[in-house]
Amino acid sequence: MTDRDLSSPLTTVHRFTVKGDPRRFEQEFREHSQYLRGRRDFSYLVTVRLLDSPASYVHVGHWRSLEGFIETVHTETFLEHVRCLEPMVDTEADQAVSVDRLLVRNALPGHDNVVLLPCTVLGGVREFEKEARELSRFLAGTGGFGGFDLLRSTFRPQRYLGMAWWADTGACDRALADAERAGAYGGLGRVARFRAERTRHIAYERGLAD
């Protein structure tokens with residue numbers, strides 16, 4: 001990580017599996033998220049909960065610079081939050097960069113309107129990114145489409161996370177049904193192992209400097 005340009009943007013991806021009460025975790029994690037919002041170069045965050053695994057969460061934090069992220073994770077407040085949250089969860093952490101992004105509208109929190117696509121590329125990344133882009137353009141034509149972000153891991157370059165969202169639950173339901181009927185995932189399936197994870201949108205918040 002020390003070889004990277006400190007001014008380059010960064011996305012952090014954390015997958016949490018809560019060991020105890022999810023409501024307590026959400027409360028404690030919200031306090032941590034509010035702290036991040038006030039930090040230099042923090043852009044925005046998204047937190048979702050998996051519908052098929054209600055104790056599992058994914059948190060995505062977007063930073064304008066690697067320098068701002070490094071500065072934050074070395075603060076005493078950040079470390080205290082980690083000490084508080086760590087006993088509550090099993091965590092898988094990653095860092096990523098966005099390689100394809102479409103932004104149309106925000107997704108309403110409290111709806112089942114965000115879909116995650118964890119992918120492992122089987123061959124060349126260019127062919128994979130081409131297929132992922134075609135999928136995103138198909139989804140962009142569905143009603144209530146909010147956006148799509150394709151994140152490539154900086155730790156494991158063959159791993160990607162796609163995120164697609166819609167205005168609300170109903171729009172997401174209809175879009176996924178359209179995609180299934182049209183075979184829209186076929187191209188992606190030829191070049192990667194992937195799964196579609198339906199999630200409840202818990203939070204979307206921008207940095208306080210925005």
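# Pairs, burial and a pocket

Q: What makes S5 and strand S8 (residues 192-194) a strand pair?
A: S5 and S8 run antiparallel and share three bridges. A pair needs at least two bridges found by DSSP, so the two strands qualify. Val121 has Ala192 in S8 as its bridge partner. The strands themselves are DSSP runs (E, at least two residues), as are the helices (H or I, at least four), and numbering starts at the N terminus. This is a predicted model: local features need pLDDT of at least 70, side-chain atom pairs count only at pLDDT 80 or more, and totals for chains, interfaces and linings use all residues. Residues are numbered from 1 along each chain as its sequence is written, and side-chain values use heavy atoms, leaving out hydrogens and water.

Q: Which residues show that S5 pairs with strand S9 (residues 197-206)?
A: Val114 stands opposite Thr199 in S9. Leu116 has Glu197 as its bridge partner there. The pairing is antiparallel, over three bridges.

Q: How do you know that S5 also pairs with strand S7 (residues 159-166)?
A: Seven bridges join S5 and S7 in the antiparallel sense. Pro118 stands opposite Leu161 in S7.

Q: Why is S5 (residues 114-121) called largely enclosed?
A: Buried means under 20% relative accessible area, exposed over 50%, and partly exposed in between (1.4 Å probe, protein chains only). Seven of the eight residues of S5 are buried, so the rest of the structure largely encloses the strand. Over the chain, buried residues make up 47% of the 210 residues.

Q: What else pairs with S9?
A: S2 does, antiparallel and over seven bridges. Leu45 stands opposite Glu205 in S9.

Q: How many aromatic pairs are there?
A: The count is ten. Rings of Phe, Tyr and Trp (its six-membered ring) pair if their centres lie within 6.5 Å; planes under 30 degrees apart count as stacked, over 60 as edge-to-face and the rest as tilted.

Q: Why are Phe128 and Tyr160 assigned to their burial class?
A: Phe128 has 0% relative accessible area, so it is buried. Tyr160 has 4%, so it is buried too.

Q: What makes Tyr185 and Phe194 an aromatic pair, and of which kind?
A: Their ring centres are 6.0 Å apart and their planes 35° apart, a tilted pair. Tyr185, at 18% relative accessibility, counts as buried. Phe194, at 26%, counts as partly exposed.

Q: Which residues form a cluster of ring pairs?
A: Phe16, Phe25, Phe29 and Tyr57 are linked this way.

Q: What lines the largest pocket?
A: The largest pocket holds about 420 Å³ of space. It has 21 lining residues, and the closest to its centre are His14, Phe16, His32, Phe78 and Val82. Strand S4 gives the largest share, five residues.

Q: Why is Glu86 called exposed?
A: Its relative accessible area is 53%, so Glu86 is exposed. Glu86 lies in the loop between H3 and S4. Between Glu86 and Phe16 there are 70 residues in sequence and 9.9 Å in space, C-alpha to C-alpha.

Q: How do you know that the chain is as compact as a globular protein of its length?
A: The chain has six helices and nine strands. Its radius of gyration is 17 Å, close to the 17 Å that the globule rule gives for 210 residues, so the chain is as compact as a globular protein of that length. The radius is taken over C-alpha atoms, and the rule is 2.2 Å times the number of residues to the power 0.38. The C-alpha trace spans about 50 × 40 × 30 Å along its principal axes.

Methods:
On a 1 Å grid over the protein atoms alone, a cavity is a set of points where a 1.4 Å probe fits but cannot get out, and a pocket is an open set with protein on both sides within 12 Å along at least five of seven lines; lining residues have an atom within 4 Å of a point. Grid points are joined across faces, edges and corners, and a volume is the space filled by probe spheres set on the points.
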